[in-house]
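This briefing is for a reader new to the structure shown below.

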Amino acid sequence: VSAAGLGLIVCLVLVFTKKTHFKNYLTVILAVAAVIAFVQLTNFSAAGDYYHGKDKEKGAIIGAVTMTIRCDTIVGKSDSSYIPADGVILPVTEFDIDESDTAYDILIEAAQKFDIKVENDGSAGGAHGMTYIAGINYLYELQFGDLSGWIYHVNGKAPSVGCGEFALSDGDMIEWLYTCELGYDLD
């Protein structure tokens with residue numbers, strides 16, 4: 001039943017119950033308008049549409065980057081099925097980039113394309129510079145000790161800005177790495 005159809009039903013109930021005061025109809029009309037606006041302005045998508053959905057619409061392609069997601073530091077520390085035996089969650093994979101893509105954007109694109117669960121904290125949407133990646137592939141911060149969690153490297157180095165602020169350039173290599181010691185165990 002659509003919102004407009006539901007509104008019509010409520011109006012008919014009002015007529016038949018003899019509650020024909022103008023305020024009653026106005027309330028129904030405003031409620032129906034609010035529901036219609038909510039549905040029209042909200043981008044609903046099922047998990048199947050989000051994962052393996054359409055590829056992200058990109059502007060002018062300025063190049064390509066490669067990305068990998070690894071958890072070598074925790075191989076053998078748990079019998080979790082989310083820890084691959086070789087530590088590779090996503091092998092080195094190439095992604096086209098446009099001028100606005102960040103390390104965060106490519107991570108989310110990979111998550112959608114390859115069904116990898118990503119959980120983040122911080123702002124979302126267009127202003128995701130302060131985004132902190134709390135979990136990838138059901139592996140979370142602090143899960144393997146007080147200093148454990150996800151960090152990212154670009155071209156072998158840990159950037160000094162958040163993943164949502166790091167603007168990518170053609171040829172960059174992004175690595176998402178699980179660390180047990182604030183990154184000191186990755187060298």
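**Nonpolar core**

The largest nonpolar core has 33 residues, of which Met 67, Ile 69, Ile 133, Ile 136, Trp 150 and Trp 176 touch the most other members. Two or more residues of this core come from each of strand E1 (61-70), E2, helix H4 (103-114), strand E4 (132-136), strand E6 (149-154) and strand E7 (173-179). H4 contributes the most, with 7 residues.

The model is predicted: local features need pLDDT of at least 70, side-chain atom pairs count only at pLDDT 80 or more, and totals for chains, interfaces and linings use all residues. Residues are numbered from 1 along each chain as its sequence is written, and side-chain values use heavy atoms, with hydrogens and water left out.

Terms for the core:
- A nonpolar core is a set of buried Ala, Val, Leu, Ile, Met, Phe, Trp, Tyr and Cys residues joined through side-chain atoms within 4.5 Å.
- Buried means under 20% relative accessible area, exposed over 50%, and partly exposed in between (1.4 Å probe, protein chains only).
- Helices (H or I, at least four residues) and strands (E, at least two) are DSSP runs, numbered from the N terminus.

**Met 67 and Thr 93**
- Beyond its neighbours within four places in sequence, Met 67 is in contact (heavy atoms within 4.5 Å) with residues including Leu 90, Thr 93, Ile 106, Ala 110 and Trp 176.
- Thr 93 is found in strand E2 (residues 88-98) and is buried, with a relative accessible area of 17%.
- Not counting residues up to four places away in sequence, Thr 93 touches Val 65, Thr 66, Met 67 and Phe 114.

**Aromatic pairs**
- There are 5 aromatic pairs, counted where ring centres of Phe, Tyr and Trp (its six-membered ring) lie within 6.5 Å; planes under 30 degrees apart are stacked, over 60 edge-to-face and the rest tilted.
- The rings of Phe 144 and Tyr 178 have centres 5.8 Å apart and planes at 85°, so this pair is edge-to-face.
- Phe 144 lies in the loop between strand E5 (139-140) and E6 and Tyr 178 in strand E7, so the pair ties together parts 34 residues apart in sequence.
- Phe 144 is buried at 18% relative accessibility, and Tyr 178 is buried at 1%.
- Phe 144, Trp 150 and Tyr 178 form one aromatic cluster.

**Salt bridges**
- The whole structure has 2 salt bridges, each a side-chain nitrogen of Lys or Arg within 4 Å of a carboxyl oxygen of Asp or Glu.
- Asp 72 pairs with Arg 70, the closest N and O atoms being 2.7 Å apart.
- Lys 117 pairs with Glu 119, with the closest N and O atoms 2.8 Å apart.
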